Each structure stands twice: as structure tokens, then as C-alpha cells.
Amino acid sequence: WKPGRRLVWQIALIFLVASAALYPMLASFAKIEDRMADDAPNTLDGMTYMQYATYHDEGVELVLSEDYNAIRWMQDNIVGSPVIVEANQVEYHWGTRYTIYTGLPGVVGWNWHMRQQRTIVPHDWIYERVDGVHEFYRTEDIQWAREFLERYDVSYIVLGQFERAKYPGPGLDKFPANEGVLWTEVFRDGETVIYQVNSGQ
């Protein structure tokens, strides 16, 4: 190349490399400042923020410390990989948080992720599970709820602030009404309850 043209390309290349090198430094500071709770300590524990944060979804303010305590209880007390059921929500919202933080299998994960990762499975199967979770929390039909639990081999039911906000109505009355019959309360913190499904139910 002619010296003048080569110099222009060299300057452009140096500028591009320098710009790319600045990104990790500048972006890291911005990410560190982007916090759900300003008073949460800096830590590598990805759950600590929940002890300090609130989150707005379904038109209500959720106190995340309740979910934090319930998730910690699951991590400390549940052995193996039993299936859990919790509210299903669109991606990047507060739904499916128990399966995310415990690693336990749920009836269904994020709808779009499930369809992306299981392309050979008919999408109707995933929609059926999503609709089933919604119906499980809303239904007043105890027999339907029992069949749902059996169909997906559910061992634990989450009834937290988010479930109460997403599925308000008489369907939630079945949980205290069937305490000791279909399920047994094993954890409670404020509005957050975990039920263990009774074997043989």
C-alpha cells in the first residue's frame, strides 16, 4: 500500500482496538452500579441481593427476602431432584425463580427457552405445560389439581407473593383448605408457603 493509505488504515485499526479494549473497563463500572438494591453488599453470592431488594411485577411490590428464605430452605432441606411447581411467567420476569436458584426441575421453564432448546418436541407440549401451571393455581377443582400433580410427578408446590399476585382469586383457597389432605405445609415466611405433596395423593 502507499504510505499515506497504510497510515490511515493503521490509525483506524489502532482506534478500533483501543475502543474495544475500553469497553470491558467502562462497561464493568456501569454494571457494578446497576443494582437492584443499593444497600446490598458486593459479593459473589448471586442471591444476596434478594435479602435487600423488592421487585415490581403483576402490579404489586414483591419483597424478595421471602423468596430468598424459601429458596435457602429448599437448598438446605430437599434431597434429590423432586419436581416443583411455581408460577410461570414470560422470560426475564420473576417467574421460575425457584428452579433457577435451586436447580430443581419444574413442570416447565421459560416458555420461549423451552421451545428454543427442544426444537424436535412439538411446541404444543410446552404450551400445554404452561397452561397447566396457570390452571393449577387458578382452579377450584381439587380432582383436576390432584391429576395435575400426578401427571407431572410434582413433590413441592410454591405459593409465594408472586403466585398470589399472578393468580388472585378463589383458586388459591384450595391450598389452606386441603392442608394435610393433598399436601402439607413445610415452610412459611410471611406470605410465602412451600407445600410438600403427600405421597399417594
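Guide: Let's start with a spot in the loop between β1 (54-57) and β2 (60-63), which is the place of E58. Helices (H or I, at least four residues) and strands (E, at least two) are DSSP runs, numbered from the N terminus. This is a predicted model, where local features need pLDDT of at least 70 and side-chain atom pairs count only at pLDDT 80 or more, while totals for chains, interfaces and linings use all residues. Residues are numbered from 1 along each chain as its sequence is written, and side-chain values use heavy atoms, leaving out hydrogens and water.

Visitor: What makes E58 stand out?
Guide: E58 has a positive phi of about 55 degrees, although it is not a glycine. Most residues other than glycine have a negative phi.

Visitor: Why is E58 called partly exposed?
Guide: Buried means under 20% relative accessible area, exposed means over 50%, and partly exposed is in between (1.4 Å probe, protein chains only). E58 has 34% relative accessibility, so it counts as partly exposed.

Visitor: And T96, buried or exposed?
Guide: Buried, because its relative accessible area is 4%. T96 sits in the loop between β3 and α3 (97-102), and it too is a non-glycine with a positive phi, about 65 degrees.

Visitor: What makes a set of residues a nonpolar core?
Guide: It is a set of buried Ala, Val, Leu, Ile, Met, Phe, Trp, Tyr and Cys residues joined through side-chain atoms within 4.5 Å. The largest one here has 49 residues, and those with the most contacts inside it are M74, Y137, V154 and I157. Among the elements giving two or more residues are α2 (64-77), α5 (123-138) and β4 (154-159). The most comes from α2, with 6 residues.

Visitor: What makes F136 and F148 a stacked pair?
Guide: Their rings are 4.8 Å centre to centre, with 20 degrees between the planes. F136 lies in helix α5 and F148 in helix α6, so this pair ties together parts that are 12 residues apart in sequence. F148 counts as buried, at 0% relative accessibility.

Visitor: How do you know that E163 is buried?
Guide: E163 has 0% relative accessibility, so it counts as buried. This residue is found in helix α7 (residues 161-166).

Technical notes:
Phe/Tyr/Trp six-rings, centres within 6.5 Å; stacked < 30°, edge-to-face > 60°.
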